[in-house]
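Please open the structure in your viewer and keep the selection tool at hand.

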Amino acid sequence: MSLTPLTKPWFHAPAGHEKIWLGCAVLWCFVMSLMMPYWHFRGKQNSTGEAYTVKPADFLARTEKFVAANQVGTYKNTQHNALMPELPIVEPPAGGDAYLIGRMWHWYPALRLRLGETYRLHLSALDLQHGFSLQPLNMNFQVLPGYDHVLTLTPTSKGEFTIVCNEFCGAGHHAMSGKIFVE
Amino acid sequence: MPTPSHSLSAPGTPGRVCGTTGLGVCLDAQRFIKLNAVAGIVFLLLGGIAALLLALTRWQTVHLLPVDWFYRILTFHGINMLILWILFFEIAILYFACTTPLNARLFSRKIAWVSFGMMLTGAIMVDYIIIAGKADVMMTSYLPLLAHPLFYLGIILVAVGTLVGVFNFFATLYVAKRDKAFTGSVPIVTFGATAAAIIAVVTLLHGAVVMIPTFTYSMGWTPQPDPAWYRLIWWGLGHQSQQVNVCAMVSVWYLLSHIIVGARPINEAVCRTAFVLYILFINLASAHHLLVDPGVGATWKIWNTSYAMYLAVLASMVHGFTVPAGVEIAMREKGYTNGIFGWVTALPWKNPAFSGTALSVVIFGFLGGITGVTLGTQQINIIAHNTLRIPGHFHVTVVGGTTLAFMALAYYVIPLIFQRDFIFRGVARVQPWLFGLGIVLLSFGMSFAGSMGVSRRSWDIDAQGVYGPAAHLWLGVLGIGGVLAFVGLLVFALLCVGTLFFGPKIEKRAMADWGTPPALAGSQSGSLAHDHYATKGTIVLVLVFLACFAVYYFANWKALADVWPVR
């Protein structure tokens with residue numbers, strides 16, 4: 001009884017329907033726990049969490065150097081409430097490193113990537129925590145100050161993509177955005 | 001000197017005999033069950049008002065609050081619902097579970113006062129400083145965001161006050177055992193509550209480890225803790241505390257299905273093992289929130305999100321079978337044997353405690369459980385992290401599951417402990433349905449909008465210019481669901497408070513029956529005790545559940561396979 005102490009003998013091996021369900025449940029849990037290591041080796045989308053500690057000032061310096069060396073144009077944001085009306089468009093070398101800063105309240109710089117090429121995208125924040133959310137693909141990664149979070153990324157669709165911030169970072173959070181163009 | 005007896009039947013013990021169940025009630029425990037339950041419901045109402053404002057803001061067409069108040073009220077909502085309402089009500093449940101079922105008296109009145117005083121002081125501090133606009137940091141208060149020191153101090157006080165209350169629970173268990181107030185192992189309701197209390201201790205210790213250095217940092221006494229470390233430890237508090245809710249909720253399922261239908265667990269050994277699995281395999285659930293974080297590797301993420309082959313998920317799947325199976329056996333023994341689901345149609349669906357429990361089981365399992373395991377899968381988290389899919393998941397676990405179960409419990413707690421029958425009983429019969437429907441709509445709105453990339457904790461989606469009419473439509477569904485759920489919550493709070501003042505008093509008589517299925521002629525209690533194939537309806541239901549689970553799970557892998565390759 002649910003409200004009275006347990007009486008002896010208390011142990012009964014599962015039987016009948018209970019045994020069937022326990023079997024199904026154990027099997028299902030086993031399948032789910034195998035899916036993740038399977039996908040890690042066979043699947044193409046994984047979050048390995050590759051990261052290095054970095055001082056925000058150092059990351060800013062690396063990004064400025066990257067922008068100076070690879071800028072190919074200027075992006076003018078025509079959204080009426082854009083917090084950053086202009087961003088440099090930067091094209092990293094195929095297979096090379098790209099740097100992206102999250103800060104209150106924009107992603108810097110805008111990136112131009114080539115379809116099918118693989119890039120090492122370094123993400124870090126200069127002030128608060130931010131959320132890298134690539135739309136409309138809906139790929140999401142956490143960005144922390146003090147950590148250089150490296151994504152090895154291969155664009156497989158063309159077009160204009162918007163980086164939304166999806167970690168709360170103050171009053172301008174909802175309008176914090178950035179751009180990735182894939183050609 | 002003789003050992004003081006803590007048995008309720010000992011002479012001089014402040015107790016009474018319940019006029020409905022014939023069980024003993026400790027008057028000290030009764031007072032603190034009342035105090036904590038009322039405080040909980042007040043914070044539930046505050047959090048509910050906040051919820052309405054938030055739903056009407058995220059409903060993009062209405063967009064009610066200005067930006068600063070949106071984040072302020074969002075912080076307030078999280079703290080009042082997930083911390084204050086739940087913790088106060090859980091302390092009330094713990095005080096019940098360690099006294100009446102064990103025929104024991106509460107260990108210490110003074111300790112109960114200290115616990116209640118600390119929790120209430122801390123709660124008022126936190127709520128005040130949020131509304132004053134000095135803690136717009138969300139419930140998670142991720143560093144380097146920084147709130148006023150009172151915010152952290154208030155949370156620390158609530159946590160320590162809760163720990164003191166949990167200590168009172170354990171002390172009561174100990175002296176009840178020592179004084180032989182009961183014989184044998186504790187009843188399953190107490191067992192589940194004990195599991196909840198053990199997890200609560202581990203949880204609250206995480207809270208202390210993360211909140212104390214954050215508090216000293218906010219005072220300027222120590223350097224800033226590392227943001228990644230903060231996330232790891234904070235979620236040891238934030239996620240594990242949800243497992244406290246799960247344990248308490250499952251105990252309430254066992255309690256109410258027993259009180260209303262006469263259900264008993266079909267196999268206590270299995271049910272109790274499932275509670276132990278919760279204790280053992282939930283302690284790394286913090287990982288669920290770090291699946292796309294830098295600094296923690298793939299192996300760590302994969303291992304810790306499945307905590308040794310999903311044994312905590314297995315535990316929930318066990319309870320998800322055992323609770324309806326117990327109900328089915330009890331109904332069949334009462335003579336409702338028609339077909340596979342004849343017992344379901346004969347269930348007391350107009351009894352708000354029953355409908356609340358049944359909806360809690362279904363919403364928690366079918367919606368909350370399936371989405372939770374899927375979103376917590378390491379790689380799938382890439383297409384879900386920090387989108388509205390996450391609140392879409394936890395509103396059907398902690399609100400549609402835990403809060404609805406606790407509401408259902410209140411329909412018995414108020415007559416049995418406060419000794420007053422409910423007013424407007426017809427309205428009460430509709431309340432769980434209204435609240436449940438609202439929460440399900442809210443969750444669907446959030447989940448689908450989240451699948452379209454709409455982020456959580458965002459004041460305005462139009463600023464980005466990337467979300468189309470479908471996302472706006474689902475935010476409208478979120479808004480309508482939020483309004484319905486708020487009306488359900490308001491009705492609940494008004495019924496409870498109104499009953500406390502105006503409900504007809506119950507003195508030495510049974511409470512008015514909400515509706516319990518009578519045993520039919522010729523039926524015999526215990527007649528199916530050895531029939532292991534009697535739960536035909538339940539096994540069909542759980543297999544349907546498993547099919548839904550598998551479809552949703554693999555559909556998400558497919559969706560993941562469609563995004564850019566990333567490592």
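Begin by selecting B:Arg457 and A:Glu167, whose side chains form a salt bridge with a nitrogen-to-oxygen separation of 3.5 Å. The model is a predicted one, and the values along this tour are computed from it. How many salt bridges does the rule find across the interface of chain B and chain A? There are 2.

Next, display the whole interface between these two chains. On the chain B side, 103 residues are in contact with 80 residues of chain A. Together the chains bury about 8000 Å², and carbon and sulfur atoms account for 67% of that area. Now select B:Gln464, B:Trp564 and B:Arg567: within chain B, these residues lose the most area to chain A, together 12% of what that side buries.

About 3000 Å² is buried between the two domains of chain B, 76% of it on carbon and sulfur atoms. Select B:Arg58, B:Trp59 and B:Gln60 to see the residues of domain 1 that lose the most area to domain 2, together 24% of what that side buries. Across this interface between the domains of chain B, the rule finds 0 salt bridges.

The next stop is the largest nonpolar core, which has 244 residues. Which of its members touch the most other members? They are A:Phe132, A:Met139, A:Ile180 and B:Phe151. Helix α2 of chain B (residues 67-97) supplies the largest share of this core, 22 residues. Both domain 1 and domain 2 of chain B provide at least three residues each to this core. Centre the view on B:Phe151; beyond its neighbours within four places in sequence, its contacts include B:Thr75, B:Ile79, B:Val126 and B:Met138.

Finally, select the cysteines. A search of the whole structure finds 0 disulfides over all chains. For B:Cys18, the nearest cysteine sulfur belongs to B:Cys26 and is 14 Å away. Is B:Cys18 buried or exposed? B:Cys18 counts as buried because its relative accessibility is 8%, which is under 20%. For B:Cys271, the nearest cysteine sulfur is that of B:Cys247, 13 Å away. B:Cys271 likewise counts as buried, at 0% relative accessibility.

Note on methods: Residues are numbered from 1 along each chain as its sequence is written. Chains are lettered from A and ligands numbered from 1 in the order in which they are written. This is a predicted model: local features need pLDDT of at least 70, side-chain atom pairs count only at pLDDT 80 or more; totals for chains, interfaces and linings use all residues. Side-chain values use heavy atoms; hydrogens and water are left out. A nonpolar core is a set of buried Ala, Val, Leu, Ile, Met, Phe, Trp, Tyr and Cys residues joined through side-chain atoms within 4.5 Å. Buried means under 20% relative accessible area, exposed over 50%, partly exposed in between (1.4 Å probe, protein chains only). Helices (H or I, at least four residues) and strands (E, at least two) are DSSP runs, numbered from the N terminus. Domain bounds come from an automatic or database domain assignment. Contact means heavy atoms within 4.5 Å. A disulfide is a pair of cysteine sulfur atoms within 2.5 Å. Buried area is the accessible area (1.4 Å probe) that two parts lose on being put together, summed over both. A salt bridge is a side-chain nitrogen of Lys or Arg within 4 Å of a carboxyl oxygen of Asp or Glu.
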